[in-house]
Amino acid sequence: MLKGKIALVTGGGRGIGREIALALAKEGAFVIVNYNGSKERAQETVREIEKAGGSGTAVGCDVADFTACGDMIQNLIKEYEHIDILVNNAGITRDNLLMRMSEEDFDTVIQVNLKGCFNTIRHLSRYFLKRRSGKIINISSVVGVVGNAGQANYCASKAGVIGLTKSAARELGSRGITVNAIAPGFIETEMTQDLSENLKDSMIQQTLLRRSGTAADVARAAVFLASEGADYITGQVISVDGGMAL
Ligand code: NAP
């Protein structure tokens, strides 16, 4: 389905990003697995892609760094000539109640989760525009739509990702480029592993399907949005949340 396509997945070494990288590769895409702190896990993801008969490479870059993102993308284009699919998956949390949240924790989450998406889109979109094609998939969150106590920084960043997605879709649509967001619900990854059992139970109770989601649940939606099947879908926020936000 994605033979001949080249995909860049930020934060592709672990969690949801890793599953998206594996799923895109399974469909035939060459996958560039970006990492920041987890070099070995990104390399391990590439090995797993290769074991399954696919191909890819691991590339380090802090998505929050505008210049470093520009350099990464320029180097990738030099080496591979084009990138067809961008998945902005990298994200962090620094949870606290607003009253106690430090300025640094607010800024850092915005820098990685929101500005990180801007940085890659800003640098890659000119190549997409030249080719008059490209698929951008931004990972937002259900809490970017409904908010969450204790996560004002994270929710603001994820709501920002939705605004960025819709604006980019408006700017790039006339050149055949689609821009969509995925809003996952409660997905079991390292990001959520330290939440209390009580909180996890309560989130599952709020989920119509009465279970947490898996990274693979999100990856299937990303593969769809990256495929020709989604050619006429842009500016949308696809919930992959088991009905949590209904
Ligand atoms: P995770 O397991 O904590 O993984 C986070 C990923 O982001 C890692 O691969 C990490 O790479 C990467 N990352 C963090 N800072 C980065 C930076 N500055 N530059 C490049 N990469 C960076 O989290 P996850 O659950 O898979 O989350 C993936 C995405 O889904 C995030 O955007 C998250 O907000 C979103 N999401 C998750 C859930 C959930 O319930 N888990 C729900 C809704 C949305 P390194 O280790 O290499 O730094």
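Reply: A residue is called buried when its relative accessible area is under 20%, exposed when that area is over 50%, and partly exposed in between, with a 1.4 Å probe and protein chains only as cover. By this rule V9 is buried, because its relative accessible area is 0%.

The model is predicted, so local features are given for a pLDDT of at least 70 and side-chain atom pairs for a pLDDT of 80 or more, while totals for chains, interfaces and linings use all residues. Residues are numbered from 1 along each chain as its sequence is written, and side-chain values use heavy atoms, leaving out hydrogens and water.

V9 belongs to strand β1, residues 6–9. Helices (H or I, at least four residues) and strands (E, at least two) are DSSP runs, numbered from the N terminus. Contact means heavy atoms within 4.5 Å. Leaving aside residues up to four places away in sequence, V9 touches G17, I20, A21, L24, V31, I32, V33, N34 and V87.

The part to examine closely is helix α2, which covers residues 39–51 and so has 13 residues. Its expected span is 1.5 Å times one less than its number of residues. From first C-alpha to last, α2 reaches 18 Å, close to the expected 18 Å. Four of its residues, A42, T45, V46 and I49, are buried. They line one face of the helix, because seen down the axis of α2 they fall within an arc of 95°, an arc being that of the directions from the helix axis to the C-beta atoms. On the other side of α2, E40 and K51 are exposed. The buried residues pack against α1 (15–26), β2 (30–35) and β3 (55–60). After α2 comes G53, with a positive phi near 95°.

Most residues other than glycine have a negative phi. E81 is not a glycine, yet its phi is positive, at about 75°. This residue sits in the loop between α3 (66–80) and β4 (85–88), and E81 counts as exposed because its relative accessibility is 65%. R210, also not a glycine, has a positive phi of about 55°. R210 is placed in the loop between α7 and α8, and with a relative accessible area of 48% it is partly exposed.

Helix α6, residues 152–172, has 21 residues and reaches 30 Å between its first and last C-alpha atoms, close to the 30 Å expected. Its buried residues include Y154, C155, V161, I162, L164 and L172. Among the elements that cover the buried residues of α6 are α4 (103–131), β5 (134–139) and β6 (177–184). The loop between α6 and β6 holds S174, which counts as exposed because its relative accessibility is 64%. S174 and A23 are 151 residues apart along the chain, and 29 Å separates their C-alpha atoms.
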